[in-house]
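Me: I've got a model open and want to talk through how it is put together. Can we go piece by piece?

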Amino acid sequence: MLWASSLGKSYPPRRLFADVDVQFAAGRRIALVGANGIGKTTLLEILAGINEPDEGEVHRQSGLTIGYLPQELDDITEGTVLDATLAGAGDITAMTTELRSLEARLADVDAADHDVVLTRYGELEARFRQIGGYGFEAEAHRVLAGLGFAPDDAQRPVAQLSGGWRMRVALAQFLLAKPDVLLADEPTNHLDVDSVAWLEDQLAAWEGGLLFVSHDRDFIDAVANRVIEMDGTSAYTHVGGFAEFVAAREERIAAAEAAAALQARRRAHTERFIERFRYKATKARQVQSRIKALEKLAPVEVPSRKELAARFGFGTPRRSSRVVTELIDATLGYTDGDEPVLRGVNLVIERGSKVGVVGPNGAGKTTLLRVLQGNLGVLGGELHRGRNVDMATFEQHLAEVMDPRRSVMEEFTASVGDQPGRNVRTMLGGFGFAGDAADRKVADLSGGERTRLALGITMANPVNLLVLDEPTNHLDLPSCDLLEDALSVYPGTVLLVTHDRHLIRSVADSLIVVRDGTATLHPGVDEDLLRPPGLSTRRTAGGSTGGRITEGSPDSTPEASTSRAAAAERRREGASKRQAAHDATAGLRRELAAAERAWEAAEHRVAELQALLGEPATYDDPERARQVAEDYGAAKSEAMRHMSECESLQRRIDRTATSI
């Protein structure tokens, strides 16, 4: 459908990437990974036609539809949420408008063109029914509900929504329109854990081509069937899921390290020979031969195991009281006249605990955090704060309010002040801004680099309570790993709001679930709490707070307990079947991966020969032109053969999986 070959892009003096190849086909879901600032967003823009490459070409099939979801956008401002969502499918929207116009004209039975209008209406209505137009609005409501919108939010003006909720509307447009190729730059950044889990299921079944950037390991592993890693020089494509990519990457690095070590030994041996016999006349020819061989020897490049030299380190904080903060039968809200946001909240946060805070957007997570931080009082009940509690807070807006005219070091110094006994450049180096990187302008930083700088500002002073609101948004995977390691050994207390289930699972020792008008502390991390509790939805008793969807809360009746147990058993059975199908098709999937690699190589050869046939110089030599034409025909046949093999293997995999 769409393919790109040998793409390169530079913003002097920086070269972002070179020799990047991407090929899309139906059902091909690609995760794009790499360090912050490596050019992932730029590559998406080039594929979408927004940016132009310095090198290479992008080929788009005639009539191809491409959807591009950037990290931020401001162009959706007109109409209601439902109108904006339906606008994603322009053909159906236009047909709906015309059908309504024709219906109005048909009301005049005496009109001279009544028969013509009736004929047109019949043809258009048949086509509308054929493409599922009558169910389109219902599908739009389903998509909006999955992304966190309540039923009555469908009629809210888009202009009233925050940037995060407008991004959800844009995502809903694409999910409804189903473009041939969807390019998504961190689509989960503005979602809660419920919406991420729902989106995961939708994209795992995406029938078109998909290329997305994400730092969420669970999301990548559930959605992607191949991974492209950009490393600043080229791009490596792995066929398979993320877990398989990590294992293959380690093997690739180990092989490169072994090859580099062997080359180093051979170089050293050659250099010793040259030094030993440099001035011996009888060995002069051999010495010169070896000198020339060394000059031509290209060094083996070894991919870095540690893409980022950041160390999210913490100073040693003072010791707080055992109970950091406590809520007893608390009612939370903003004014006595409004409906409370949360009721009956009983929580105890103890020193050293690491607590994940999850729940749908709009359920009250922000309200709860403001109370726990001391920025908001309680409307009822009791709030107790511990002694000697020093707090630092990271929020996404910190990365957005930086002065773009300042350098990284100037912004850091302006925010944290003087640090007696501590070198500012050394501190910045610990967060990945070593050497000249500290002198770069904030305006030139990528979204992930700004987030990393904001985290550095937050963590500059030792504290014993760290409140992190979506700290991994825009971070690359190496930074997420380093943040995870740092939080795991952090000696203080952590309140962590994130949709990244891998981070929660790795760091948190308990969960606060904010849902259905209350907040409940659960010891440990129950996997079921990281997914929506059911398919049906209803509003919370607290009323509308804007863009809210809340899943039905399990009742305390025996019937409800039985239902929950049955649902859990169904999930276990489903997981068991999926694992059995995965094991049964393992050999076929390896064959398919090999066949797809051969198919891609054949397609690449076809593109090369096609380019040669388009060059006038090819026809200067008739014999060469004939040979290129023959090779082109043979390459096309080879590509078709590999494509048929892939389709056959996929059918065998599907039959095997469905028979389990």
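Me: How many residues sit between β8 and β9 in their hairpin?
Reply: Four residues lie between the two strands of that hairpin. This is a predicted model, by the way. In the turn, glycine 232 has a positive phi of about 95 degrees.

Me: And how do β8 and β9 pair, parallel or antiparallel?
Reply: They run antiparallel, and five bridges join β8 to β9 (residues 235-239).

Me: What about β3 and β8, parallel or antiparallel?
Reply: Parallel there: five bridges join β3 (residues 29-34) to β8. Isoleucine 30 has arginine 226 in β8 as its bridge partner.

Me: How many of the residues of β8 are buried?
Reply: Five of its five, over residues 226-230, which makes β8 mostly covered. Both faces are covered: Arg226, Ile228 and Met230 are buried on one side, Val227 and Glu229 on the other.

Me: What's the strand order in the open sheet that has β8 in it?
Reply: β5-β6-β7-β3-β8-β9, six strands with mixed pairing. β5 and β9 are at the edges with a single partner strand each, so one side of each has no neighbour in the sheet. From one strand to the next the twist averages 15 degrees.

Me: Which way do β6 and β7 pair?
Reply: In the parallel sense, over five bridges between β6 (residues 181-185) and β7 (residues 209-213). There you'll find leucine 183 opposite leucine 211 of β7.

Me: Switching topic. Where does threonine 80 sit?
Reply: In the loop between β5 (66-69) and α2 (81-86). Threonine 80 is buried, at a relative accessible area of 15%.

Me: What does its side chain make a polar contact with, this threonine 80?
Reply: The side chain of aspartate 83, at 3.1 Å. Leaving aside neighbours within four places in sequence, threonine 80 is in contact with Ala154, Gln155, Arg156, Pro157 and Val158.

Me: OK, cores. Which residues touch the most other members of the largest nonpolar core?
Reply: Leu147, Phe149, Leu175, Leu199, Leu203, Phe212 and Ile220, out of 53 residues in that core. Helix α6 (residues 163-177) gives the largest share of this core, nine residues. There is also a second, separate core of 33 residues, including Val408, Val416, Ala454 and Ile457.

Me: Now the other open sheet, the one with β14. What's the strand order there?
Reply: β14-β15-β16-β12-β17-β18, again six strands and mixed pairing. The edge strands are β14 (391-394) and β18 (518-523), each pairing on one side only. Ignoring direction, neighbouring strands in this sheet are turned by 15 degrees against each other on average.

Me: How many bridges join β14 to β15?
Reply: Four, and β14 runs parallel to β15 (residues 465-469). Methionine 391 has leucine 465 in β15 as its bridge partner.

Me: Which strands does α15 lie across?
Reply: Helix α15 (residues 447-458) lies across β14 and β15, and runs at about 170 degrees to β14.

Me: And α11, which strands does that one lie across?
Reply: β12 (354-358), β14, β15, β16 (493-497), β17 (510-515) and β18, and α11 runs at about 160 degrees to β16.

Me: Why is α11 largely enclosed by the rest of the structure?
Reply: Because seven of the nine residues of α11 (residues 365-373) are buried. Those are Lys365, Thr367, Leu368, Leu369, Val371, Leu372 and Gln373.

Me: What follows α11?
Reply: Glycine 374, with a positive phi near 90 degrees.

Me: Last one, zooming out. How many helices and strands does the chain have?
Reply: 20 helices and 20 strands. Of the 660 residues in the chain, 46% are buried. The accessible surface is about 32400 Å², with 51% of that belonging to carbon and sulfur atoms. As for contacts with a separation of 6 or more, 71% are between residues 24 or more positions apart.

Definitions and conventions: Residues numbered from 1 in each chain as written. Predicted model: local features only at pLDDT ≥ 70, side-chain atom pairs only at ≥ 80, totals over all residues. Heavy atoms only, no water. Core = buried A, V, L, I, M, F, W, Y, C linked by side-chain atoms within 4.5 Å. Buried < 20%, exposed > 50% of the residue type's maximum accessible area, 1.4 Å probe, protein only. Polar contact = N/O pair within 3.5 Å; in protein donor to acceptor, adjacent residues only side chain to side chain. Contact = heavy atoms within 4.5 Å. Pairing = 2+ DSSP bridges. Axes fitted to C-alpha atoms, helices over the stretch in contact; angles between N-to-C directions. Areas by Shrake-Rupley, 256 points an atom, 1.4 Å probe, with all protein chains shown as cover.
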